[in-house]
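Open the model in your viewer and keep the selection tool at hand. Each stop below says what to pick and what is there.

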Amino acid sequence: MEEINLTNLGGSLPVPCVQELAKEALTTVPPRYVRLDQDPPFVSDTSSLPQVPVIDMQRLTSKDFMDKELENLHHACKHWGFFQ
């Protein structure tokens, strides 16, 4: 019978779950999640990037602005599928 040579390919580091990280009042990204070996994305023309629609929920209850804001909401749901 042939002998099998098993190679240790490394291990894994214990990683805290997202909920545990969220409990901490972090102001910076923990160093273990920073990738210095990658170049940051370069965007030269930000005017051509799509703008996330903003829906003012208060305007949906206003007689003066309701129609326009409903139109904005319709567009956001139709083209983006979500809104904040």
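**Stop 1**

Select D67, E71, H74, K78 and H79. These exposed residues sit on the face of α2 turned away from its buried side. Bear in mind that the model is predicted.

**Stop 1: the buried side of α2**

Which residues of α2 are buried? Select E69, L73 and A76. Now look down the axis of α2. The buried residues fall within an arc of 65 degrees, so they line one face of the helix.

Next, check the length of α2. The helix has 14 residues, and at 1.5 Å a residue it should span 20 Å. Pick its end C-alpha atoms: they are 20 Å apart, which agrees.

**Stop 3**

Return to E69, in helix α2. Is E69 buried or exposed? Its relative accessibility is 3%, so E69 counts as buried; the cut-off for buried is under 20%.

Show what touches E69. Leaving aside neighbours within four places in sequence, E69 is in contact with V54, I55, D56, R59 and L60.

E69 forms a salt bridge with R59, and the closest N and O atoms are 3.9 Å apart. This pair links distant parts of the chain: E69 is in helix α2, while R59 is in the loop between α1 and α2, 10 residues apart. R59 is partly exposed, with a relative accessible area of 31%.

**Stop 2: more salt bridges**

Side chains of opposite charge can pair when their charged atoms come close. How many salt bridges does the structure hold? There are four, and the pair of E69 and R59 is one of them.

Select K68 and E71 for another. Their side chains meet in a salt bridge, at 3.8 Å from N to O. Both residues lie in helix α2, three residues apart, which is about one turn of the helix. K68 counts as partly exposed, at 49% relative accessibility. E71 belongs to the exposed set from the opening stop.

Then select R35 and D37. The side chains of R35 and D37 meet in a salt bridge too, at 3.0 Å from N to O. D37 has 58% relative accessibility, so D37 counts as exposed.

**Stop 3: a nonpolar patch**

Show the surface and colour L13, V15, V29, Y33, V34 and L36. Together they make a nonpolar surface patch of about 630 Å².

Zoom in on V29. Where does V29 lie? V29 is in the loop between α1 (18-23) and α2 (66-79). Its relative accessible area is 53%, so V29 is exposed; exposed means over 50%.

**Stop 4: the whole chain**

Of its 84 residues, 7% count as buried. E69, L73 and A76 of α2 are buried residues.

The chain exposes about 8,500 Å², with carbon and sulfur atoms supplying 58% of it.

Finish with the contacts. Among contacts with a separation of 6 or more, 20% come from residues 24 or more positions apart.

Note on methods. Residues numbered from 1 in each chain as written. Predicted model: local features only at pLDDT ≥ 70, side-chain atom pairs only at ≥ 80, totals over all residues. Heavy atoms only, no water. Patch = residues over 30% accessible without salt bridge, like charges linked within 9 Å, V, L, I, M, F, W, Y side chains within 5 Å. Areas by Shrake-Rupley, 256 points an atom, 1.4 Å probe, with all protein chains shown as cover. Helix = DSSP H or I, 4+ residues; strand = E, 2+ residues; numbered from the N terminus. Buried < 20%, exposed > 50% of the residue type's maximum accessible area, 1.4 Å probe, protein only. Expected span 1.5 Å × (residues − 1). Arc of directions from axis to C-beta. Contact = heavy atoms within 4.5 Å.
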